[in-house]
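This report covers a contact between chains, the relations between copies, and the surroundings of one residue. The sequence and structure come first.

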Number of protein chains: 6
Amino acid sequence: MTDSTVVLTAHPGDFVWRAGGAIALAASRGQRVVIGCMSFGERGESASLWRKGYTLQQVKDHRRAEAEQAAKALGAEIRFFDADDYPLVETPQLLQGLIDLYREVQPGVVLTHAAADPYNGDHAFAHAIALKARVLAQAPGVEGPGEVIGAPPVFSFEPHQPEQCGFVPNVLLDITPVWEVKRAAMQILAAQKHLHTYYTELGSRRGLQASRNSGPNLGLPNDTYAEAYMRLYPQVTRELS
Amino acid sequence: MTDSTVVLTAHPGDFVWRAGGAIALAASRGQRVVIGCMSFGERGESASLWRKGYTLQQVKDHRRAEAEQAAKALGAEIRFFDADDYPLVETPQLLQGLIDLYREVQPGVVLTHAAADPYNGDHAFAHAIALKARVLAQAPGVEGPGEVIGAPPVFSFEPHQPEQCGFVPNVLLDITPVWEVKRAAMQILAAQKHLHTYYTELGSRRGLQASRNSGPNLGLPNDTYAEAYMRLYPQVTRELS
Amino acid sequence: MTDSTVVLTAHPGDFVWRAGGAIALAASRGQRVVIGCMSFGERGESASLWRKGYTLQQVKDHRRAEAEQAAKALGAEIRFFDADDYPLVETPQLLQGLIDLYREVQPGVVLTHAAADPYNGDHAFAHAIALKARVLAQAPGVEGPGEVIGAPPVFSFEPHQPEQCGFVPNVLLDITPVWEVKRAAMQILAAQKHLHTYYTELGSRRGLQASRNSGPNLGLPNDTYAEAYMRLYPQVTRELS
Amino acid sequence: MTDSTVVLTAHPGDFVWRAGGAIALAASRGQRVVIGCMSFGERGESASLWRKGYTLQQVKDHRRAEAEQAAKALGAEIRFFDADDYPLVETPQLLQGLIDLYREVQPGVVLTHAAADPYNGDHAFAHAIALKARVLAQAPGVEGPGEVIGAPPVFSFEPHQPEQCGFVPNVLLDITPVWEVKRAAMQILAAQKHLHTYYTELGSRRGLQASRNSGPNLGLPNDTYAEAYMRLYPQVTRELS
Amino acid sequence: MTDSTVVLTAHPGDFVWRAGGAIALAASRGQRVVIGCMSFGERGESASLWRKGYTLQQVKDHRRAEAEQAAKALGAEIRFFDADDYPLVETPQLLQGLIDLYREVQPGVVLTHAAADPYNGDHAFAHAIALKARVLAQAPGVEGPGEVIGAPPVFSFEPHQPEQCGFVPNVLLDITPVWEVKRAAMQILAAQKHLHTYYTELGSRRGLQASRNSGPNLGLPNDTYAEAYMRLYPQVTRELS
Amino acid sequence: MTDSTVVLTAHPGDFVWRAGGAIALAASRGQRVVIGCMSFGERGESASLWRKGYTLQQVKDHRRAEAEQAAKALGAEIRFFDADDYPLVETPQLLQGLIDLYREVQPGVVLTHAAADPYNGDHAFAHAIALKARVLAQAPGVEGPGEVIGAPPVFSFEPHQPEQCGFVPNVLLDITPVWEVKRAAMQILAAQKHLHTYYTELGSRRGLQASRNSGPNLGLPNDTYAEAYMRLYPQVTRELS
């Protein structure tokens, strides 16, 4: 079975805000989705917890619990690599862990960060290592458990300031059927309440854009919710549409 | 019904060599395909006929007959705008003719040239006016018969020297099921025999590339034939794949 | 006096939605702002009026009245060139009219559309002719009333789908002090109610982005309203900040 | 107080030739400027000293003394990280040292190299780590003395072969008032005499360009001296100009 | 014989300042060089003559005489198309004139402006029509005297503000042997004295860059004079060097 | 003597398929060519050997023997750095080895991979370290045997999916005189038979493109064989052609 999805992120929140719709949509079709969080976002994206006086371990535990709950709400499995953040750096363990995850899950689709993010270097790093591990997992000569993988398409999800990150969306995914699921998952991330409004608005705006770009065959209404993605390899298809 | 395709080209040969697979594929599904040739390629792409001493009208007649036969072989309708080539320039008649064609056919998909071609300015012009007419055909305030159109996706087909034209394929279309149809249509274009070999090889090479980029779900074999396209607007979809 | 602003747009609505804050801000400082509308947007952006059965002249009159009211609300003068839209094309009258406007107003700042817009060719055209006329207005050898102009900086305002238009904002303008003025001007454009929400949200989102990119010296709060611009020529300054 | 400037360079000479005007200008306004030199340029930019038979330590001492004198002439403080050059590589010490410097100085403006330099990899590296450390210094979860910093704007100064480095200046800084100060600092760098002429000419050429791009409000004369910069994040402003 | 050069410019001064070295160099080898000036630069680049009160015809006569003298000094022929400037626009006469010139001269090399110039639209137009005419001149079906041409390489010469014009030099031409010839030609253009210094400095700076980029086989000294060009089509060669 | 060539590749096959013509051409002129293979391609490009059950050492031995034979057929020397592949990573030994090779051979020309390859990260890495070592080898302060090198031009050879790698060929090298030599070298690489056809077709296609882009002076026939390259630094020349 190859219709599973692997989602690789630098920090736990990323998969909810930026790819929660795609995850819930795949899960709603009965497909397996496995999220790999490279770090807990403990240093770079937990300012409110640090300000409360949490210890490093407490921050990690808190972020892990939240992420597990959100993944469950979306219908996905989740793994943690605990590879430190700010900065997230390459280690042999992280690289091998990602190769192993690819081979175990045999994904038909891969989601990760965009190639650049001048506001958060961890995102760019996560993109690079996610792609590196995908190529290594394809080679019989590279060690690791399980079979080599094929060439699953890779999609970058939307960064916070897309224009500054060279993010030009070329895929708009209609997530209307699972919008309530994504909303519920977002509400689990209690520490970042202002982001609920932000990403609700973004879902609505990308939905309007999807509607304007949907040809007559698809014909999406104006009140569509969507997520924007950037496809990294050519689409291979049996029909232009 | 909106699953028809409009193909807009500068010259008659273009639709066979560069989009013959997509045309035959749509036709094989019972869909309507209408090709609009802006010129007969009488000055810029008929060197062998000029060298034989043909008059301008004879060149046009010859190219028209050939194009009609090739369109028929692919299963498509064809219209001619006779707007002169080398250079092909904008006239109110050509622009209105294209708007009218869009409104008549109500395409679900549009195919045309790439945005730039430093080896043939007619191609870049055809791209520009095809897109311009598409936007105008969407507006109720613009005169013309029939209903306004929606926002059909547009795909550029592959130019002869892709790297010099800024052509980076982001869609590879598997045309294996109709390869023999495309081959037959190519053979009708008797004046350009060396192109048969060239485009057979290109179909094979793009097919190999499609195979290498096809995820495990699609799983194309190495002996696939494909055509390369460049999608101009974001893809709107209900599933990442 | 050279602290006046010229705003050149293809259609009447553009200056309100996209540059209303900049206009109101300049006006609030007592500076002169002159808006030049190349067309009335009568064909391409008046679908609701056409559907009501208005004649061409009625559409134009309606759009003119609305635009005059909105300009007044923002504190600006407005001129109309009535050069037709969809498509807006170059005529000697339009070009000379723009040259004359530059020379009359002697702007210190110029605002216009972005260079590309695959959803609306009039916008790209308006950009091109606005820049062309600016260069011509600088030359003593080009005829026209008044003195030649200097080299005022030019800013593109934000298109509707910025990523598809190559729009990468490099200036974020804090319009918080005049937000209520912009809101009032938007409410005058009764035909496009859904855009009120859209541009209120955009103002808020660009404001948040401004806050995140404002250095410690400026220190904008999160509830800032802002408009995004793209500066076309190098900024010349006496201080880095 | 947040109106201080941090200048981060790979080698000692860089800050004089490429940013000496900006440094002297800020200092002339009574602002604090702190230069951080990641290396002494001992291997890559001290060919004349090596040819004289200096030892490594002698080369470093010589370059340090020169740099201290030049910084003083410009009115700036200077720190050395002694992290080796050719190649300059990331170490935990260098990264933490830069974070600490940011937090100590709390800069309102940051200057560093351009993102690419195919003639000197140290420059590209210095750019990357300067930006990385700036983001890390913003996070409460990242250890280090002092308060986290805000989001100061970053400017790249001009590389030696700008077109080959993707350097497209978008800010031209008028340094005429401090030109003599920059000239004096350049004369301290005795080993590279031919560069005096080169950078005097560059200052004059960028000044002419500034004059040609200065709007009527600024109105710079032809004999302006300027330095070119590339702003990396959107400018946030309260007035378009 | 096909070793002749065609130089196509918008205005008379362009060929001296920007390509005078290449012209003199080809002429010094006994090759034919034919310059085609599309306009006399009468409106856009003759401000000093207009300020003296010259009539349009006087301006044209003056610019023509100067250009003829400069062409002679460089060893080249010159033709004038008198197609008006500011703006220079396409006419059937200009296009056919350029086609005819290509066919008459049968160039082995073509020089013209860069593709973009936000400071002077005539330059971008001249580039576009020079390339358009070159392609048309290759087609047997396009009318005109003489034989069709081959595919001569095209080089853009350097605009005044290269970074703003997307000009990234990929060819540096050593013009040291004819530097005195170029200098003499520049001195003929009496109206633009400040440009003598500017282009002398540019020649020296590009020469230094050539020296730094010349491999060991060529080994140019530091005091080289050079002109920068941008090759528009792939170089075809029998040896990498 | 400086007319030697250094070819730096990630894996052994690369130099045959992608640069075999250039190597044979230089060798046929009596020039020295030294190939440096950073790894044996043992993990990433030896799938068929792994499937046969070879040990790691057997794979390496097999690939080395094949590469030595192919290099000999082309007329070149070959060195192996055995730095591991998939992933190929920077080590001090590899970097110093490359510096030493540059200094020993004193190349007049350098060939290596393109800057990016989303299908094989080793290729991008090999490009980066090849350029890094070249700059370091130029500096007297960097240790190593022999004299510092000059600034030899660098050419990237063609990757497998050029458009996805940002590879835009700007040099087409006529390799017709040595085509049979390249063919013989390709046949030595027995494990990758399908690539013989692929690269024969590519040689023919690039040859046709060379013919179409060759000016009248060179005048290549249609049945030319060529290799495509991307020049990384400006060409320095004494004649435009």
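## Basis and conventions

Copies are superposed by least squares on the C-alpha atoms of residues with pLDDT of at least 70 in both. The model is predicted, and local features need pLDDT of at least 70, side-chain atom pairs count only at pLDDT 80 or more, and totals for chains, interfaces and linings use all residues. Residues are numbered from 1 along each chain as its sequence is written, chains are lettered from A and ligands numbered from 1 in the order in which they are written, and side-chain values use heavy atoms, with hydrogens and water left out.

## Relations between copies

Chain D is superposed on chain C by a rotation of 180° with 0.0 Å of shift along the axis, at an RMSD of 0.0 Å. This is the relation of a two-fold axis. The residue of chain D that comes closest to the rotation axis is N170(D), with its C-alpha at 4.8 Å. Both copies use the same surface, since 100% of the contact residues of chain D recur in chain C; contact means heavy atoms within 4.5 Å.

For chain A and chain F, a rotation of 120° with 0.0 Å of shift along its axis superposes chain A on chain F, again with an RMSD of 0.0 Å. That is the relation of a three-fold axis. In chain A, E90(A) comes closest to the rotation axis, at 7.6 Å (C-alpha).

## Contact between chain A and chain F

Eleven residues of chain A touch eleven residues of chain F. About 970 Å² is buried between chain A and chain F, and carbon and sulfur atoms give 66% of this area. Buried area is the accessible area (1.4 Å probe) that two parts lose on being put together, summed over both.

One salt bridge is counted between chain A and chain F: the side chains of E143(A) and R43(F) meet at 3.6 Å, N to O. The term requires a side-chain nitrogen of Lys or Arg within 4 Å of a carboxyl oxygen of Asp or Glu. On the side of chain A that touches chain F, helix 5 (residues 121-136) gives the most, with three residues. Helices (H or I, at least four residues) are DSSP runs, numbered from the N terminus.

H123(C) lies in helix 5 (residues 121-136) of chain C. It counts as buried because its relative accessibility is 4%, the limit being under 20% relative accessible area (1.4 Å probe, protein chains only). Beyond its neighbours within four places in sequence, H123(C) is in contact with residues including H11(C), D14(C), E45(C) and H113(C).

Note on methods. Helix = DSSP H or I, 4+ residues; strand = E, 2+ residues; numbered from the N terminus. Buried < 20%, exposed > 50% of the residue type's maximum accessible area, 1.4 Å probe, protein only.
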